[in-house]
Amino acid sequence: MERLMLTDSLEGPLGRALAVIEFIASRHRAVTIAEVADALDLPIATTHRITSNLERQGLLQRSLTSKRLLIGNKMLLLGASAVGAGLRTATRHAILQRVSEKIGEQCEIGVVRDNLVSYVDSVRKKPSTGLQFDPGASVPIHCTSTGKIYLSQLARRARETLIRSLTLHAYTERTITDPDDLLEIVERTRERGWAKSNEEFVKGVVGCAVPIFGPDQMLLACVGISAPVARITFEDLDDIISILKDASSELSAAIIDDELSEDV
């Protein structure tokens with residue numbers, strides 16, 4: 001395993017704790033304490049003490065099937081909140097506004113928090129006819145486009161474990177409630193890089209979304225639309241994907257520009 005040496009800026013209790021979190025967050029699977037210690041060149045006893053403290057704070061947690069370490073729910077919520085705050089800037093809201101005006105429908109940016117899709121920004125071009133994704137609103141991941149994209153970015157085993165552990169509640173007659181069916185759709189989403197939903201959360205409302213990636217190509221959020229089938233059919237959504245992809249590229253560039261300007 002590649003060893004990651006702590007820099008001077010990461011020395012001290014806080015620095016070591018942040019290094020541990022960063023290392024575990026960068027893995028695509030649960031890791032052992034020994035792996036963390038080896039990667040960060042830390043003594044086993046020190047690593048055990050750090051991870052135990054982080055577990056008590058909810059920033060790390062143990063895998064359901066082993067003693068390996070994963071990022072905890074509190075850390076996931078904190079990270080999603082930070083992403084949400086970072087996405088609510090004037091520049092990014094203006095991009096969302098332009099997309100909404102071009103498509104003529106509600107456009108939103110969503111992140112996943114504790115297995116729920118939370119919307120951190122939205123623009124409504126026309127009056128809603130049954131669905132409003134206002135900032136702060138949360139909806140299930142199994143019947144939304146953003147949720148499907150999030151699931152598609154997980155490693156195969158983690159994806160299957162999560163999907164089979166979810167309560168796939170039927171909100172409409174079109175909600176996907178069979179884990180095998182959802183796994184198949186999520187795999188298709190992974191292959192094509194975008195997702196659609198067909199009246200799966202609210203009857204009469206369809207939607208689609210594309211991912212927003214950060215500088216490290218990690219999924220930050222998704223940009224998507226929601227519309228009544230009276231104005232946009234499920235099939236019509238295919239024509240909107242390219243518009244959303246352009247918006248995603250703009251949003252990614254805005255995020256990178258903001259980070260670069262902060263370093264100046």
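Predicted model: local features only at pLDDT ≥ 70, side-chain atom pairs only at ≥ 80, totals over all residues.
Residues are numbered from 1 along each chain as its sequence is written, and side-chain values rest on heavy atoms, with hydrogens and water left out.

The largest nonpolar core comprises 28 residues. Such a core is defined as a set of buried Ala, Val, Leu, Ile, Met, Phe, Trp, Tyr and Cys residues joined through side-chain atoms within 4.5 Å; buried denotes under 20% relative accessible area, exposed over 50%, and partly exposed the range in between (1.4 Å probe, protein chains only). The residues with the most contacts inside this core are Ile103, Val223, Ile225, Ile240 and Leu244. At least two core residues each are supplied by helix H5 (90-103), strand S3 (106-113), strand S4 (116-123), strand S7 (205-213), strand S8 (219-228) and helix H9 (241-263). Helices (H or I, at least four residues) and strands (E, at least two) are DSSP runs numbered from the N terminus. H9 provides the largest share of the core, seven residues. Apart from this core lies another, of 19 residues, which includes Phe23, Val36, Leu54 and Leu59.

With neighbours within four places in sequence left aside, Val223 is in contact (heavy atoms within 4.5 Å) with Leu96, Cys107, Glu108, Cys208, Ala209, Val210, Ile212, Leu244, Ser248 and Leu251.

Strand S7 is mostly covered, eight of its nine residues being buried. Pairing of strands requires at least two bridges between them in DSSP. S7 runs antiparallel to strand S6 (residues 195-198), to which four bridges join it, and Ser197 stands opposite Gly207 in S7. The S6-S7 hairpin has six residues between its strands, and Glu199 in this hairpin takes a positive phi near 55 degrees. S7 is also antiparallel to S8, the two strands being joined by nine bridges; here Ala209 stands opposite Gly224 in S8. Five residues lie between the strands of the S7-S8 hairpin, in which Gln217 adopts a positive phi near 65 degrees.

A salt bridge was assigned where a side-chain nitrogen of Lys or Arg lies within 4 Å of a carboxyl oxygen of Asp or Glu. By this rule the count comes to 13 salt bridges. One of them joins the side chains of Arg68 and Glu35 (3.5 Å, N to O). Arg68 belongs to the loop between strand S1 (60-62) and strand S2 (69-71) and Glu35 to helix H2 (residues 33-40), so the pair ties together parts that are 33 residues apart in sequence. Arg68 is partly exposed, at 32% relative accessible area, whereas Glu35 counts as buried at 16%.

Arg164 takes part in two of the interactions described here. In its salt bridge with Glu160, the closest N and O atoms are 3.0 Å apart; Arg164 and Glu160 are four residues apart in helix H7 (residues 156-165) and thus separated by about one helical turn. Arg164 is partly exposed, with a relative accessible area of 43%, and Glu160 is likewise partly exposed, with 34%. Arg164 also forms a salt bridge with Asp180, with closest N and O atoms 2.6 Å apart. Since Arg164 lies in helix H7 and Asp180 in helix H8 (residues 179-192), this pair ties together parts that are 16 residues apart in sequence. Asp180 is partly exposed at 44% relative accessibility.

Gln153 is found in the loop between helix H6 (145-152) and H7 and is partly exposed, with a relative accessible area of 37%. Not counting residues up to four places away in sequence, Gln153 touches Arg190, Phe213 and Leu219. The C-alpha atoms of Gln153 and Glu187 are separated by 9.5 Å, with the two residues 34 apart along the chain. Glu200, located in the loop between S6 and S7, counts as buried at 5% relative accessibility. Its side chain makes a polar contact with the side chain of Lys148 (2.9 Å). A polar contact is a pair of N or O atoms within 3.5 Å; within protein, one must be able to donate a hydrogen and the other to accept it, and residues adjacent in sequence count only if both atoms are side-chain atoms. Beyond neighbours within four places in sequence, the contacts of Glu200 include His142, Cys143, Tyr171 and Arg174.
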